[in-house]
Amino acid sequence: MEKEILEHGLNFNRRRFLSRMSLGLGSVALGSLLMPDLFRSSGADEDGFTPGMPHFAPKAKRVIYLFQNGAPSQQELFDYKPKLRELMGQDLPPSVRGTQRLTGMTANQKEFPLVGSFVDFKQYGESRAWVSDLMPYTAGVVDDLCFVKSMYTEAINHDPALTFIQTGSQQGNRPSMGAWLSYGLGNENKNLPAFTVLLSRGIGNGQGVYSKLWSNGFLDSVHQGVQFSKGEDPVLYLRDPEGMTRTERRAMLDNLAQLNDLSYQEFGDPEIAAKVQQYEMAYRMQTAVPTVLDVSKEPDDIIKLYGPDCLVPGTFAANCLMARKLSENGVRFVQLYHQGWDQHGNLPFEIAKQAKDVDQASAALITDLKQRGLLDETLVIWGGEFGRTSYTQGKLTKDNYGRDHHPRCFTIWMAGGGIKPGIVYGETDEMGYNIAQNPVHVHDFQATVLNQLGLNHEKLVFKYQGRRFRLTDVSGKVIHDIIA
Amino acid sequence: MKRLSYYLLALTLAILGFMQSCAKQSSSLADNEKIPEVVSYNFDIRPILSDKCSTCHGPDANKREAGLRLDDPESAFRALKEHPTAHALVAGKPELSEVFRRISTPDTSLLMPPPNSGLKLSAREINLIEKWIKQGATYEKHWAFVAPKAPKLPAVDQDKWPKNEIDYFILQKMEDKGLKPNEEADKERLLKRLSLDLTGLPPDLPLMDAFMADNSPNAYGKVVDALLKRPAYGEKMALHWLDVARYADSHGYQDDGYRTQWPWRDWVINAYNKNLPYAEFVTKQLAGDLMADPNGWGGPGTPTKEQLLATGFNRNHKITEEGGTIQEEYRAMYVTDRTDMFGKGLMGITMECAHCHDHKYDPFSQKEYYKLFAFFNNVKEVGMESVIGGPNTYAKKPLMEICDEDVQGILSFVNKLDTNRLIVSVMGDLDTTRSTFIFNRGVYDDHGDEVQPGTPASILPFSDKYPKNRLGLAKWMFDRKNPLTARVYVNQLWQEFFGTGIIRTAGDFGMQGELPSHPELLDWLAVDFMNHGWNIKRLVKQMVTSATYRQSAVVSKEKLQTDPNNRLLARGPRYRIEAEFVRDLVLSSSGLLNRRIGGPSVKPYQPPGLWEGATSGRGLLSMYVQDHGDKLYRRGMYTLIKRTVPPPSMAIFDASNRDLCEVRRLKTNTPLQALVMLNDPTVLEASRVLAAKLLQEKSGTEAKINKAFRLIVARKPTEKEVAVLSEYYRSELKNLTRPHAEKALAVGEYPIPKTLDKVQLAAMMRIVSTIYNLEETITKS
């Protein structure tokens with residue numbers, strides 16, 4: 001099997017090389033004839049690991065991670081806790097709370113009144129999964145989803161928790177998941193980066209996002225997440241200056257290549273040839289990226305599926321549609337961030353808006369991938385960096401409350417990519433405060449994601465500063481029960 | 001035409017094949033390499049043990065298997081715990097040594113390292129271990145933890161070549177491998193290399209003319225001296241130090257608010273320009289607050305404001321402003337950051353590995369980590385002092401205030417532009433001692449034993465004669481017996497001038513670090529540096545006046561094959577310049593560069609929406625308000641660094657994000673870099689401004705191209721180059737329409753002279769922009 005994968009990889013590269021050779025870019029330059037490898041990696045590995053090759057047969061080829069930044073409250077979305085309504089206003093029993101540390105925001109609170117969700121839940125689909133009324137579209141695709149209700153993390157504040165779930169370390173300066181996958185599996189589309197990032201924001205209380213979340217860390221910078229922005233330049237500096245036609249750009253690059261070639265003849269440095277190559281890649285990206293991102297040719301039923309917001313650049317819906325297009329074009333890891341889920345107060349109002357921002361498009365993405373036959377090979381993940389407390393932060397009034405950070409349990413869902421559809425994994429206790437069954441640590445989650453992509457999390461290592469680093473640091477186990 | 005393509009195709013395939021084969025060869029070379037006559041523990045065996053065995057049989061007591069430790073002879077020669085009749089090592093007898101038996105057995109259930117570890121020994125490694133045991137299995141202390149002694153200069157055959165001591169060591173290695181040094185680089189290229197290395201700027205025309213005209217034997221020495229005197233020298237040297245000290249203009253966590261730490265950066269530039277000895281440079285930064293008098297090394301009294309400002313060094317780390325922070329968790333993180341920076345940046349060791357457990361490879365215990373930690377644990381600080389807000393949050397206590405009279409006096413190098421209150425985070429200890437405990441598994445609230453300040457014994461025990469504070473720590477660092485301090489800084493400087501350190505892993509001199517390419521040279525330089533009062537400029541001058549440095553960068557096929565990474569330095573350094581210097585080169589060659597030194601960081605052109613898209617919406621840095629006027633044209637090192645969204649054109653060229661101490665930047669080559677050079681308004685505007693200047697001169701097209709080329713590439717173009725560019729200019733003149741030309745010119749805020757013909761200007765602008773995009777332009781070669 002491993003041999004087959006290797007053969008496949010070699011053939012793939014050969015085919016690509018030959019097809020590029022016949023493209024005929026109209027240049028006599030050295031560079032345009034070189035084998036194109038847009039995101040060339042220079043880091044040779046000492047442990048016999050071949051970057052760009054899975055360890056075993058992968059179930060998924062690509063990932064789309066719909067990150068809900070700020071930590072959405074599981075009690076209002078997917079983790080149905082009727083008991084909390086019964087206990088409304090009663091203090092969280094110290095036996096349940098245990099010795100858990102609290103954030104500086106509620107540590108000084110004298111009471112911890114439990115608060116039930118303001119919104120109702122119903123069961124849906126054949127799987128009878130509970131979903132709140134805030135997520136009607138998601139409710140329609142529950143049979144494709146695997147809910148994990150027993151996620152837990154180590155950090156209690158946004159910055160370290162975000163960094164932890166994306167890079168496996170709270171401190172940053174490590175490669176994020178997308179960078180590891182780019183390093184481990186290489187790139188499917190040589191005209192697009194393997195790891196792209198799309199940002200959007202709701203009206204809820206927001207937390208920033210940080211470029212360290214899509215950092216390449218100590219890996220070669222070709223593995224860094226490339227942020228696609230909503231502006232006219234989806235990739236920074238992509239657009240040629242005003243007044244320059246494609247023909248004129250081509251002419252400039254031809255002249256440039258000719259001059260660089262003179263320099264190559266003098267110095268013999270392969271870096272010069274590589275540079276010419278990178279300019280040719282840049283040129284091709286200039287055409288490839290806008291073509292991929294053009295939504296004008298999407299049919300009406302697709303626009304309807306994602307909702308009218310998908311035509312408004314910078315919205316979560318537009319990013320979901322873009323995510324499908326990038327993913328279908330071979331982008332290994334598409335990372336979305338939707339900000340605004342940090343409901344310390346005014347939760348009922350804010351979370352309803354946040355849910356409305358993301359519900360339809362998240363479900364649409366699942367439906368869309370499925371109808372294209374892509375869901376099997378695309379792993380979709382939906383979730384935040386931690387959960388929220390079952391007790392209220394601040395004052396509990398008849399129709400208003402807030403919830404503080406809660407690392408002990410939270411809910412995410414996954415779909416496609418060889419994950420069992422229509423199941424719920426893990427349980428929290430009846431107060432939704434502690435995990436009652438099947439805890440899933442962030443490193444377990446990361447190990448499982450890598451596993452679906454054909455990578456053994458203990459073998460995907462990079463030696464830096466004398467240590468072999470992993471996404472899962474020193475722990476993590478694959479959750480086999482959720483794998484189809 | 002067709003023939004040419006075939007020729008190029010063949011050439012390309014040949015190069016491809018060549019590149020692939022040399023990549024393979026470099027690894028197979030090591031495998032085929034001969035086993036040395038005498039196997040050295042330090043250079044042959046330790047790297048194998050450290051990399052392949054230490055995880056289970058190394059210094060970490062908690063992960064040790066079978067009670068066996070292979071890095072420690074006492075344990076390795078002792079009877080095995082589980083098989084008292086057997087021994088891991090029996091000197092002279094590999095067949096009786098369990099080590100050799102277990103690494104060479106065909107039985108996979110016995111094989112070491114165990115197959116499931118993913119680690120494997122090569123045939124050569126097994127042979128080396130066998131021979132080492134045969135020769136008596138002698139252990140040596142790790143070379144980097146033994147204080148350097150100046151070795152004798154080696155004898156060389158080609159004894160006319162060396163210009164100074166460096167060259168003897170370099171040449172000897174070359175001769176061992178049968179290589180000859182390259183010729184000296186041509187004067188123009190040499191001047192560009194030198195100017196970039198000493199000032200971060202390309203040479204200007206008067207300097208080029210003067211140097212080309214100077215035929216005296218000491219012409220090169222004179223230009224070195226002249227460049228060392230330029231204020232830009234301090235800026236150039238400071239840049240690397242800003243990476244080490246993780247300097248930035250924002251607090252770094254979550255909301256990522258603004259901070260005014262830049263006066264510390266001005267201090268660094270000034271210190272390099274004044275040529276502060278390295279010992280004083282570091283001591284002030286580590287312990288300026290504990291130094292009493294301006295010349296002093298301790299004693300009662302209060303430090304000067306200059307000494308205090310230097311200590312901003314240890315407060316450049318990220319500081320949280322996130323509500324709900326648990327104070328002690330973050331305070332512990334700051335102390336950890338300082339400890340790790342001290343290890344990596346100043347001592348060249350991966351101390352951070354001992355944060356959670358004993359170091360797995362180097363002889364540093366977890367206890368020793370916290371002893372070092374104790375030096376930095378007494379600061380009058382809290383985890384979260386204030387949430388994001390106004391000017392009072394731009395520095396965190398302990399802080400100092402810089403008032404206008406300081407700027408007129410002792411802090412005259414601080415480029416304060418207004419009379420607003422200016423505060424900087426600096427060091428200051430509590431009056432009492434905060435107890436330091438080992439953090440079990442690195443967890444801040446899981447305390448183990450209490451520890452006292454101290455240093456890793458395997459490097460150098462902490463002497464009783466030193467005070468147990470940061471000033472004592474500085475004295476320990478600059479103790480002549482300290483084996484690391486001088487080597488580490490010499491190596492960092494070497495890396496600045498030759499691209500790669502004598503030890504490639506500049507942040508890891510430990511057992512997992514790479515071995516030095518020229519160990520004797522490193523020791524010679526380290527001892528010489530100490531003997532000459534830690535004089536930085538002197539050391540810089542030694543490096544750049546060596547024959548090694550002055551070689552041409554031409555790579556022959558032979559050298560590319562035997563030494564693809566130029567570790568033997570049989571040719572001059574050739575690599576892309578740092579992100580900040582790419583910007584500097586563009587601005588200075590076009591004449592736009594604003595040469596003001598220091599002051600608050602600035603916000604030049606940046607693609608819209610980057611800050612806005614990633615912000616929480618709070619604070620001064622939530623929206624990018626671009627600067628105007630001459631603030632648009634300042635050197636790259638003054639571009640404001642907002643840690644969570646660092647300046648994109650810098651990040652694309654591998655600049656540090658300044659999250660943590662960094663001693664070595666990556667040097668990558670990506671299409672995004674091509675896009676920056678092609679489309680960044682900074683480059684386009686510079687092209688337009690320079691084109692306008694050229695067109696205003698009364699000269700012919702070729703003369704204009706010639707001048708642009710000299711300004712940008714720092715050499716005269718060849719006839720062929722001029723021909724290509726002139727032809728390109730003529731065709732652009734023909735192609736460009738007036739409306740297109742007008743659009744092309746509408747970039748940047750610098751005014752366009754009204755008198756110029758738009759089509760001509762746009763055509764010339766494209767020529768200049770093409771020159772900016774040449775590989776050679778942003779390459780030191």
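Biologist: Which residue of β11(A) stands opposite A:Phe147?

Modeller: A:Phe147 faces A:Trp413 there. Before going on: this is a predicted model, where local features need pLDDT of at least 70 and side-chain atom pairs pLDDT 80 or more, while totals for chains, interfaces and linings use all residues. Residues count from 1 along each chain as its sequence is written, with chains lettered from A and ligands numbered from 1 in the order in which they are written.

Biologist: What makes β4(A) and β11 of chain A a pair?

Modeller: Strands here are DSSP runs of E of at least two residues, and helices are runs of H or I of at least four, numbered from the N terminus. Two strands pair if DSSP finds at least two bridges between them. β4(A) and β11 (residues 410-415) have five, in the antiparallel sense, so they meet that definition.

Biologist: How do you know that β4(A) also pairs with β12 and β15 of chain A?

Modeller: Three bridges tie β4(A) to β12 (residues 423-425), running parallel, and A:Cys146 has A:Ile423 as its bridge partner. With β15 (residues 440-441) there are two bridges, again parallel, and A:Met151 stands opposite A:Val440.

Biologist: Why is β4 of chain A called largely enclosed?

Modeller: A residue is buried with 20 or more other C-beta atoms within 10 Å of its own, exposed with 12 or fewer, and partly exposed in between, the C-beta atoms being placed from the backbone. Eight of the eight residues of β4 (residues 145-152) are buried, so the rest of the structure largely encloses the strand. Across the 484 residues of chain A, 58% count as buried.

Biologist: Why is A:Ala71 called buried?

Modeller: A:Ala71 has 26 C-beta neighbours inside 10 Å, so it counts as buried. This alanine sits in the loop between β1 (62-69) and α3 (74-77) of chain A.

Biologist: How do you know whether B:Trp534 is buried or exposed?

Modeller: B:Trp534 has 20 other C-beta atoms within 10 Å, so it is buried.

Biologist: How many residues of chain A are in contact with chain B?

Modeller: Contact means C-beta atoms, placed from the backbone, within 7 Å. On that basis, 69 residues of chain A touch 80 of chain B. The elements giving two or more residues to this side of chain A include α9 (246-267) and α10 (270-293).

Methods:
Contact = placed C-beta atoms within 7 Å.
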